Amino acid sequence: MADTTARFALPFILPGQAQKELFHNEALARIDLALHPAVEGPAATEPPTAPAEGECWVVANGASGDWAGHDAMLAMWSEGGWRFVAPAPGTSAWNKAASMPLLWDGYQWREGELRCAALLVNGVQVVGGRQPGVPSPSGGTIIDEEARLAINALTAALMSHGLIE
């Protein structure tokens, strides 16, 4: 049997183990970090000088000090010092400073991106997959400049939102 869980390396209590409460408490501290994390701001390479207990960060690549060797991990300050959890692909965190989600894709933290096949509001799909572009309103036998300007503006808005090519 392994000493830790496969995804977040939470310590197991093993048969005959002394001071089981230490391992149990360590697992709870890491769960506190890994379960719905909320980080203080963007990824950082240096630990803050005066963290409050329970504050969390994403450790940036090339980190130094107490964070050296913990690139891309979640870090939380606790009464026992820094605790680290390596994110599993699909782990999401909330960036409190930016009020945006972070998503670990297995290679990097992506900020402010939501990935889905459709966006529904009250059960009604309002955004789906990207559709082909709308043809330019040119040609025809009757020139209606106002209608063409309105269609061009609508097409530009749809394109700027990424809804059409």
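Me: Is arginine 115 buried or exposed?

Reply: Buried is under 20% relative accessible area, exposed is over 50%, and partly exposed is in between, with a 1.4 Å probe and protein chains only. Arginine 115 has 57% relative accessibility, so this residue counts as exposed. Before going on: this is a predicted model, where local features need pLDDT of at least 70 and side-chain atom pairs count only at pLDDT 80 or more, while totals for chains, interfaces and linings use all residues. Residues are numbered from 1 along each chain as its sequence is written, and side-chain values use heavy atoms, with hydrogens and water left out.

Me: Okay, and which residue does arginine 115 form a salt bridge with?

Reply: General idea first: side chains of opposite charge can pair when their charged atoms come close. The cut-off used here is a side-chain nitrogen of Lys or Arg within 4 Å of a carboxyl oxygen of Asp or Glu. For arginine 115 the partner is glutamate 113, with 2.7 Å between the closest N and O atoms. Glutamate 113 is partly exposed, at a relative accessible area of 31%. Shared partners then link Asp105, Arg110, Glu113 and Arg115 into one network of salt bridges.

Me: What is the N to O distance for arginine 110 and aspartate 105?

Reply: Their closest N and O atoms are 2.8 Å apart, which makes a salt bridge under that cut-off. Both residues are partly exposed: arginine 110 has a relative accessible area of 23%, and aspartate 105 has 26%.

Me: How many salt bridges does a search of the whole structure find?

Reply: Six. One of them pairs arginine 30 with glutamate 26, at 3.0 Å from N to O. These two sit in helix α1, residues 20–34, four residues apart, or about one turn of the helix.

Me: How are helices and strands assigned?

Reply: They are DSSP runs numbered from the N terminus: helices are H or I with at least four residues, strands are E with at least two. Here that comes to two helices and nine strands. Reading from the N terminus, the order is α-β-β-β-β-β-β-β-β-β-α.

Me: How many disulfides turn up?

Reply: A disulfide is a covalent bond between the sulfur atoms of two cysteines. The test is a pair of cysteine sulfur atoms within 2.5 Å. Searching the whole structure gives zero. As for individual cysteines, cysteine 56 is buried, with a relative accessible area of 5%, whereas cysteine 116 is exposed at 57%.

Me: Which residues make the nonpolar surface patch?

Reply: Patches take residues with over 30% relative accessible area and no salt bridge; like charges are joined within 9 Å, and nonpolar side chains (Val, Leu, Ile, Met, Phe, Trp, Tyr) within 5 Å. The areas come from the Shrake-Rupley method with a 1.4 Å probe, and for residues only the protein chains shown count as cover. This patch is made by Leu119, Val121, Val124 and Val126, and covers about 340 Å². Strands β8 (119–121) and β9 (124–127) are the elements giving two or more residues to this patch. Valine 126, for instance, lies in β9 and is exposed at 52% relative accessibility.

Me: What radius of gyration does the protein have?

Reply: The radius is taken over C-alpha atoms, and the globule rule is 2.2 Å times the number of residues to the power 0.38. The protein has 24 Å, while a compact globule of 165 residues would be near 15 Å. Along the principal axes, the C-alpha atoms fill a box of roughly 90 × 35 × 25 Å. Of the 165 residues, 24% count as buried. Contact means heavy atoms within 4.5 Å. Among contacts with a separation of 6 or more, 30% come from residues 24 or more positions apart.

Me: Where is histidine 36?

Reply: Histidine 36 is in the loop between α1 and β1 (38–39). Its phi is near 50 degrees, a positive value in a residue other than glycine. Histidine 36 is exposed, too, with a relative accessible area of 71%. Serine 99 also has a positive phi, near 55 degrees, and is found in the loop between β5 (92–95) and β6 (100–104).
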